[in-house]
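Subject: Structure handover and notes

Dear colleague,

Please find below the structure that I am handing over to you, followed by notes on what was found in it. I would be grateful if you could read the notes with the model open beside them.

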Amino acid sequence: MSLFSVRMRSSREEQGTPVHISGAERIVAETDLERVAATFVQRAMQHKNGTPDFVNLSIERVCPEEIMSLEALPIQTCDVEDVEEGHRAAHHLLCEAGVSSESANFAIALLKAGPAPGGRVMRGAVLLDAEQPIRMEPDPHRGVRVSKLDWEPSVLESWCNGIGHLGIARPRVWEAIALASKVTAQPEVIAELCWSDDQSYITGYVASQQFGYVRVTHLKPLGSLIGGRVFFIRAGTDIQSLISRLEKQPALVDRLPTRPY
Ligand code: WAQ
Ligand code: MG
Ligand code: MG
Ligand code: MG
């Protein structure tokens with residue numbers, strides 16, 4: 001059976017600059033291509049943050065021998081009352097995972113203000129040195145977009161059945177878990193911080209191999225169009241090699257967490 005990577009990104013031009021609206025990535029069987037491509041076009045055109053004037057859809061064959069096998073990170077939820085408490089919780093989790101207090105604070109302030117120049121959102125993630133708050137991604141307008149990732153369908157089904165009672169078996173959550181599982185599986189990445197740029201979604205997360213995927217229920221105010229991702233990397237990392245794996249190496253979540261949720 002042939003597998004294909006399907007990617008979508010959409011943007012809108014604002015004052016001469018294309019501003020990212022949404023993106024999505026999957027790995028699917030050839031027989032599912034048309035259906036998934038249609039859902040991606042729909043996702044791009046019906047996004048709550050606005051109607052795009054540019055949509056890029058790409059389809060690329062994936063070589064099965066190159067697929068990296070991933071274990072899904074286990075989930076926990078950290079319930080907080082408000083954004084300030086959420087930021088304190090995220091800071092604490094990041095520091096426990098091995099990120100310096102300075103880098104953790106820098107990342108939180110960056111996602112609050114909008115990580116791209118001019119306080120805009122990025123299509124991809126910021127790469128931040130985990131010791132000193134220095135950005136390492138080559139293009140701070142674009143960031144690094146993790147691509148070629150998905151769940152193995154039967155494993156996703158078991159995962160959904162297993163966590164169904166928590167009410168979070170939804171695409172937004174499982175897509176974020178696949179991404180965080182791929183990102184934190186890289187030996188150079190210590191942790192990830194994320195919150196959505198979707199105005200109606202305020203739950204974000206801190207992910208690490210050590211603590212798994214920890215959802216933090218308030219990381220931004222409702223109505224804000226600003227969000228993003230920061231990957232905290234070890235000092236001395238070969239940036240190009242890391243980026244090439246994040247962008248190009250196909251990866252499938254094909255195992256449930258061995259630790260409890
Ligand atoms: N690679 C790198 N960065 C990405 C990617 C990717 N594939 N996809 C999104 N981003 C960055 C980009 O800067 C977006 O602006 C930002 O992340 C947010 O993306 O309840 O919905 O898709 O457990 O809006 C997490 C919590 C939800 C889910 C995250 O992010 C839960 C979310 P969004
Ligand atoms: Mg997304
Ligand atoms: Mg790692
Ligand atoms: Mg979004």
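A salt bridge is counted here where a side-chain nitrogen of Lys or Arg lies within 4 Å of a carboxyl oxygen of Asp or Glu. Please keep in mind that this is a predicted model, in which local features need pLDDT of at least 70 and side-chain atom pairs count only at pLDDT 80 or more, while totals for chains, interfaces and linings use all residues. Residues are numbered from 1 along each chain as its sequence is written, chains are lettered from A and ligands numbered from 1 in the order in which they are written, and side-chain values use heavy atoms, with hydrogens and water left out.

Salt bridges

Arg-142 forms a salt bridge with Glu-247, their closest N and O atoms being 3.4 Å apart. Because Arg-142 lies in the loop between β6 and β7 and Glu-247 in helix α6 (residues 239-248), this pair ties together parts that are 105 residues apart in sequence; helices (H or I, at least four residues) and strands (E, at least two) are DSSP runs, numbered from the N terminus. Salt bridges that share partners also join Arg-7, Glu-60 and Lys-148 into one network, and a search of the whole structure finds 14 salt bridges.

Another of these pairs is Glu-25 with Arg-145, whose closest N and O atoms are 2.8 Å apart. Glu-25 is in strand β2 (residues 17-29) and Arg-145 in the loop between β6 (126-129) and β7 (149-151), so the bridge ties together parts that are 120 residues apart in sequence. Both Glu-25 and Arg-145 are buried, where buried means under 20% relative accessible area, exposed over 50%, and partly exposed in between (1.4 Å probe, protein chains only).

The side chains of Arg-255 and Glu-71 meet in a salt bridge as well, at 3.7 Å from N to O. This pair links strand β12 (residues 251-255), which holds Arg-255, with strand β4 (residues 68-71), which holds Glu-71, across 184 residues. Arg-255 is partly exposed, with a relative accessible area of 37%, and Glu-71 is partly exposed at 28%.

Magnesium sites

Donors are N, O and S atoms within 2.8 Å of the metal (3.2 Å for Na, K and Ca), and since water is not among the atoms, sites may look incomplete. The magnesium ion (ligand 4) is coordinated by Asp-197 (OD) and Asp-198 (OD) at 2.0 to 2.2 Å, and 5.1 Å separates the magnesium ion (ligand 4) from the magnesium ion (ligand 2). Asp-197 counts as buried at 14% relative accessibility, and Asp-198 is buried at 13%.

Surface patches

Patches are made of residues with over 30% relative accessible area and no salt bridge, with like charges joined within 9 Å and nonpolar side chains (Val, Leu, Ile, Met, Phe, Trp, Tyr) within 5 Å; the areas come from the Shrake-Rupley method with a 1.4 Å probe, and for residues only the protein chains shown count as cover. Val-41, Met-45, Val-55, Leu-57 and Ile-59 make a nonpolar surface patch of about 380 Å², and its largest share, three residues, comes from β3. Val-55, found in strand β3, is partly exposed, with a relative accessible area of 34%.

With kind regards
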